[in-house]
Amino acid sequence: IRKGQLNFSLSHDAIDWIKDIIRQKIGNQQALLLTLSPDDEVVGNKVQTAIRRLEDYRTKIEGIDGEVMSDVASTLRGWEGLSSKIYFETLNLFLPEHLRFEKRTQHPATDVVNAFLNYGYGVLYGKVEGALIKAGIDPYIGVLHRDDYNRPVLVYDVIEIYRVWVDYVVYKLAAQNAITDEYYSVQSDGSYWLEALGRRVLIQSLNDYFDETIEIKGNMRSRQYHIFLYTQNLAQQFKKAER
């Protein structure tokens, strides 16, 4: 599998694969925004505008091509970043006003919702990396993300499909006003960090959500198991590239 994975990462098939991942990610973002779309006409119009803009990026991604990943990587990263900016600006409209944030911030988070998102993605990283290893795939050989030495860069590629699940869980906690002052602390530099209680609540909420059974491509499985099924199929794809 590892030999095939190396061959695949340097092939044209890798471009098609990563394009599909980013298009899936944007499609998932569109679906979540549509699910949350309210009766309020003003907000509804903003959502529809955002969805059209996101679709423009999906179309651009479909049309781009090159010989190897390095030909298109910077452009894909740019479009992915811009589409995520649109998505989070729109998702922000559905949060309680006191929890809305100016922009996505990672290290460190500058508000509590971003702190929850960052920690949730960290939990998801572990789930995706575990599924890759279980399927026999080397998480340190990436495709779009390949420049971070000695880091599980393939996880950064695959996780994009599933980030929206974390977004939804964090959104629900925020929308239900379930985030209290005991869940986080604010440091002297203005950064936000989750306290033990906040981490426990988020982990339990994520685990409950990932244990739910849903249908993907005709298979009724838990969300957690769907990640493993995806990595199993990816391993078979890598095996074909070894020949």
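H2, H7 and helix H9 (223-242) each put at least two residues into the lining of the second largest pocket; helices (H or I, at least four residues) and strands (E, at least two) are DSSP runs, numbered from the N terminus. This is a predicted model, where local features need pLDDT of at least 70, side-chain atom pairs count only at pLDDT 80 or more, and totals for chains, interfaces and linings use all residues. Residues are numbered from 1 along each chain as its sequence is written, and side-chain values use heavy atoms, with hydrogens and water left out.

A pocket here is an open set of points on a 1 Å grid over the protein atoms alone, where a 1.4 Å probe fits, with protein on both sides within 12 Å along at least five of seven lines; lining residues have an atom within 4 Å of a point. Points are joined across faces, edges and corners, and the volume is the space filled by probe spheres set on them.

| Pocket | Volume |
|---|---|
| Largest | about 990 Å³ |

In the second largest pocket, 22 residues form the lining, and Gln24, Ile161, Tyr162, Ile216 and Tyr230 sit closest to the centre. H2 is the top contributor there, with 7 residues.

Now for the largest pocket: 37 residues line it, with Arg104, Gln106, Asn118, Tyr121 and Arg163 nearest the centre. Elements giving at least two residues each include helix H2 (12-36), helix H5 (112-134) and strand E2 (192-194), but H4 gives the most, with 7 residues.
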